[in-house]
Amino acid sequence: MKILILGAGQVGGTLAENLANEANDITVIDSDSTRLRELQDRLDIRTVQGKASFPTVLRQAGAEDGDMLIAVTNSDEVNMVACQVAKLLYKTPTTICRVRANAYLAKPELFYQREQKKDLDSLRGFPIDVLISPEHLVTKHITRLIEYPGALQVLEFSKGLVQLVAIRATQGGPLVGHELSYLRSHMPKIETRVAAIFRKGRAIMPQGNTVIEDGDEVFFIAASDHIRSVMSELQPLEKSYKRIFICGGGNIGQRLAHTLESRFQVKLLERDHERCVMLSESLRKTVVLEGNAANKDILLEENIENTDVFCAVTNDDEANIMASLLAKRLGARKVLTLINNPDYVDLIQGGDIDVAISPQQTTIGSLLTHVRRGDVVNVHSLRRGAAEAIEAIAHGDHRSSKVVGKRLDEINLPEGTTIGAIVRHNEVLIAHDHLRIQPDDHVILFLVDKTRIRDVEKLFQVGLTFF
């Protein structure tokens, strides 16, 4: 595919890296020549310097014959205008736009065609095919972690029917020190599949005789109703969370408080007075506090030692890290920290900070869903982009498809790939060798080696005989 990426920041750069490694024709546009030069030195891509919304700049980048435009600059306005210019002047088939400001997101009619005419001149609002809000995605990600105490990552497939959960195996979990086959005899009524195990950073493809060790990072797939039961096998089950403390009242902090306040006791700490006033007026049950999270006295006054989850979600990585370390030292049970700089993520996670959340990786998965070939409806980027989980729909018949009509053990899966589950007519079928794939099945796969994604996509592309 010929893809134009507008913005060479963290998301744009990470996306370019992901897509360039998959043999796409990538052009990155940014006004920062230094950043473009850094990307070009590392990746086999083309770069264009200039303002991303200018028609001349888009034409220079090849918008006239581009397949897709992904606008992820730091400016919502530039992103939206660039999509409109690309659609109206260059008839770009697919436009994807990142929008952060809730003032725009609160008016969905801004982004849709109001008159159903084929003539592009009749469009009303911004002609954006896919709208992505990082704040919404990050809020959803954090909310799932709070709903499942002890999880490192919780990913949804098939509208929530199936979930893929990453969890750290801990001494005291019944399965720790046993072979995976023990799980079935111990929980005969619970269907689950361990998709991958990461031990000391190295991927292990699970077999029935694989022994779970203390400290393993285990990815398992199960129907949503069974997630807690499986988690209890891998670590002593934590008590449900009640008290949530949010540090930072920006877009993410506000969204998070709004999402959680009806089910949890939420306190939100924000240093800006005017922002505090606005938050106290817009939030119904959340206790809004004014002050600095690096202030030990404020945290002690608010009984931080009784807090179940401390979420640091300001725009400043260093402030988030320091506030999280302080909160943990003062007795907070669990600490979730938003980290924009990907170099920090591996550095801090697993010590005093329980989970480091990368907005880039959360956003990248959503973007990749629209780039993957074949009928891919969900993509989740895992382990800082090294692994990937995808949900693909099987089409065709036994003549035109490489997977339809075949038993799972007959499918020639690329190395490092496992099928975890199949969703058929809203029924969750955990993967077993004897299971046959039928047309329109949603197949959930886990890849420990993301370089094999192209081979997986080819499996789910329909041959000419289907037509």
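A search of the whole structure turns up 4 aromatic pairs. This is a predicted model, in which local features need pLDDT of at least 70 and side-chain atom pairs count only at pLDDT 80 or more, while totals for chains, interfaces and linings use all residues. Residues are numbered from 1 along each chain as its sequence is written, and side-chain values use heavy atoms, with hydrogens and water left out.

**Exercise 1.** Classify the ring pair of phenylalanine 111 and phenylalanine 126.

*Solution.* Start with the rule: rings of Phe, Tyr and Trp (its six-membered ring) pair if their centres lie within 6.5 Å; planes under 30 degrees apart count as stacked, over 60 as edge-to-face and the rest as tilted. Here the centres are 6.5 Å apart and the planes stand at 35°, so the pair is tilted. Next, find the residues: both lie in the loop between α5 (102-105) and β6 (130-132), so the pair ties together parts that are 15 residues apart in sequence. Helices (H or I, at least four residues) and strands (E, at least two) are DSSP runs, numbered from the N terminus. Finally, phenylalanine 111 and phenylalanine 126 are both buried, meaning under 20% relative accessible area; exposed is over 50%, and partly exposed is in between (1.4 Å probe, protein chains only).

**Exercise 2.** Describe histidine 425 and asparagine 426 in the loop between β20 and β21.

*Solution.* Begin with the backbone. Histidine 425 has a positive phi near 50° without being a glycine, and asparagine 426, also not a glycine, has a positive phi of about 65°. Then turn to the surface: histidine 425 is exposed at 72% relative accessibility, and asparagine 426 is exposed at 65%.

**Exercise 3.** Which strands pair with β11?

*Solution.* Two strands pair if DSSP finds at least two bridges between them. Strand β8 (residues 162-168) pairs with β11 in the antiparallel sense over 7 bridges, with valine 162 opposite alanine 223. Strand β9 (residues 192-199) is joined to β11 by 6 bridges, also antiparallel; valine 194 has phenylalanine 220 as its bridge partner. To finish, look at the cover of β11 (residues 217-223): 7 of its 7 residues are buried.
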